Amino acid sequence: MTFTQWFIFFLVIQVIHFLGTWKLYIKAGKKAWEAAIPVYNAIVLMQIINRPKWWVILLFIPIVNLIMFPVVWVETLRSFGKNSTTDTILGVVTLGFYTYYINYFVDVKYVENRSLKPKTEAGETVSSILFAVVVATIIHTYFIQPFTIPTSSLEKTLLVGDFLFVSKVNYGPRVPQTAVAFPMVHDTIPLAHVKSYSKFPQIPYMRIPGFTKPKHNDIMVFNWPVDTVYQFFDRSGRRADKPLDKKSNYVKRTVGTPGDNLQIKDGIVYINDKILDLGDRAKIQYAYRITTNGAPLDINFLIKDLHVTDGVQQISSDSYVIHALTLDGAERLKQLSSIKDVTRINDQSSDSRIFPHNKPWSGDNLGPIHIPSKGDVVALNTETLPMYKAIIKDYEHNKLEVKGGIIYINDKPSTSYTIQQDYYYMMGDNRHNSEDSRYWGFVPADHIVGTPVFIWMSLDPNVPWGKAFDKIRWDRMFTTVHGTGKPHSFFIYFAIALAGWGVYSFVKKRKSKKYNY
């Protein structure tokens, strides 16, 4: 839906509200016209139901308002003495239209200054749960979102089993575009394994300003631009046309920013003809061919000393492929007397899977590619179109056709196109085991979710739960994601603070009991 369509929808809702409540406003000592003025009518309604005015803000926050509207419907009924379970159910299942019946056909009286305390323990529990869900939804949507690392594409920097807090305020939180969705879940409801959202209606893209823009080497969470899988990790062939904010979440490193010229030579990333400085925390890995002098490869050394976790493949009695090894690890491996040769795999062969799929490029050698920036004017012809096809058609929503070798955009012949938003180029640190921009292209700015800032828990998937203490990677708990130098765990400080709070709460409770006596 466009902004105009949403505005019309908003006005229709105001008319519906007025027709269903104007008599109730009068019975509450207000004027009938006060039920008709947009936004003001909500402020007056909060006075009628004896709730704080800031609740009005919650009615305009997507997803949160799905919880708040039923609450307001029920609170309105109770303010006019309709407290029964039947009234509550009718108020919710009729989507608030039960108030029409109360407004026109029931002689009700306004209950002024009614008690807001639930009359039953069950009611108290429901109220507490609703409040907690509202608060958690706001935090999850606009501030911090928990995220789990499911694959090894950023191995060594972020590990499979890391549990992260992803900040949405750094780059600016997006207003949810999917207006009707289950709160605090992504595209699938857990356990039920059913779709968690409705594709209609969709809110136009909006983003609250952030503190910064993505920079080189930032680790970023974003919606996978080409995602059409039915569920994450479901590769059965079922396809789904997902809304932008319900596409699968990916996490990669930012290697190309808007306006950059990017090239990969022998696996090394160049930005504007200079090698990209990856900093000291990035642990870039490549696949290597290893030849021994006939002795078997020391697997324990690989695991314990080099922390190789992504598999070793034996080719022959003295030949192996290690699929994920850092440059430093390769140098250390060369020092072993049993090692004859260590060669980094450098793919020179043309691979049609490499974006834009019409160049003789490979995952280790590609480019140069210009990363599109908002306002760039790009030349269009049958040779350049594959580079910009997804941008024009899928990300910026134009009609695109090619007829008789002529490119038509929105039914007009076009030899150029003006880019409407910024784009980024993302790669995993595990270079030979990462599904990234090399295969599907640019990440639009409107697909950005946020940046990981904190690892609050890390579980080793290779350790069984029977060894729970060993399963927890204690040295990774409460460590920061970005920065320089070796990551430092702040877990001990958290534990001390938690213990201090526990002692404070205990002492305060004891004093309270003492004074009560």
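**Notes on the predicted model**

1. A nonpolar surface patch of about 510 Å² is formed by Val-15, Leu-19, Tyr-101, Tyr-104 and Phe-105; patches of this kind are built from residues with over 30% relative accessible area and no salt bridge, nonpolar side chains (Val, Leu, Ile, Met, Phe, Trp, Tyr) being joined within 5 Å. Two or more residues of the nonpolar patch come from each of α1 (3-27) and α6 (98-105), and α6 provides the largest share, three residues. Tyr-101 belongs to helix α6 and is partly exposed, with a relative accessible area of 43%. Here buried means under 20% relative accessible area, exposed means over 50%, and partly exposed lies in between (1.4 Å probe, protein chains only).

2. This is a predicted model, in which local features need pLDDT of at least 70 and side-chain atom pairs count only at pLDDT 80 or more, while totals for chains, interfaces and linings use all residues. Residues are numbered from 1 along each chain as its sequence is written, and side-chain values use heavy atoms, with hydrogens and water left out.

3. As to the chain overall, its secondary structure comes to 13 helices and 25 strands, where helices (H or I, at least four residues) and strands (E, at least two) are DSSP runs numbered from the N terminus. The C-alpha trace spans about 95 × 80 × 40 Å along its principal axes, and buried residues make up 44% of the 517 residues. Of the contacts with a separation of 6 or more, 66% are between residues 24 or more positions apart, a contact being heavy atoms within 4.5 Å. The accessible surface comes to about 27700 Å², and 61% of this surface belongs to carbon and sulfur atoms; the areas come from the Shrake-Rupley method with a 1.4 Å probe.

4. What surrounds Met-46, leaving aside its neighbours within four places in sequence? Met-46 is placed in helix α2 (residues 40-48) and is buried, with a relative accessible area of 0%. Its contacts beyond those neighbours are Arg-51, Pro-52, Lys-53, Trp-55, Val-56, Leu-59 and Val-72. Tyr-408, by contrast, is 362 residues from Met-46 in sequence and 53 Å from it in space, C-alpha to C-alpha.

5. The structure holds 16 salt bridges, a salt bridge being a side-chain nitrogen of Lys or Arg within 4 Å of a carboxyl oxygen of Asp or Glu. In one of them Glu-75 pairs with Arg-51, the closest N and O atoms being 2.8 Å apart. Because Glu-75 lies in helix α4 and Arg-51 in the loop between α2 and α3, the pair ties together parts that are 24 residues apart in sequence. Glu-75 counts as buried at 7% relative accessibility, whereas Arg-51 is partly exposed at 22%.

6. Lys-359 forms a salt bridge with Glu-383, with 3.4 Å between the closest N and O atoms. Lys-359 sits in the loop between β15 and β16 and Glu-383 in the loop between β17 (377-379) and α10, so this pair ties together parts that are 24 residues apart in sequence. Lys-359 is partly exposed, with a relative accessible area of 26%, and Glu-383 counts as partly exposed at 44%. Elsewhere, Asp-162, Asp-460, Arg-473 and Arg-476 are linked in a network of salt bridges.

7. Some backbone features deserve a look, given that most residues other than glycine have a negative phi, and most peptide bonds are trans. The bond from Phe-355 to Pro-356 is cis, with omega near 10°, and Pro-356 is in the loop between β15 (339-344) and β16 (366-370). Another cis peptide bond joins Gly-367 and Pro-368, where omega is about 10°, and Pro-368 is found in strand β16.

8. Ile-63 has a positive phi of about 75° although it is not a glycine; this residue is found in the loop between α3 (55-58) and α4 (64-78) and is buried, with a relative accessible area of 7%. Asn-272, also not a glycine, has a positive phi of about 50°, lies in the loop between β10 (268-271) and β11 (274-275), and counts as partly exposed at 39% relative accessibility.

Key: Patches are made of residues with over 30% relative accessible area and no salt bridge: like charges are joined within 9 Å, nonpolar side chains (Val, Leu, Ile, Met, Phe, Trp, Tyr) within 5 Å.
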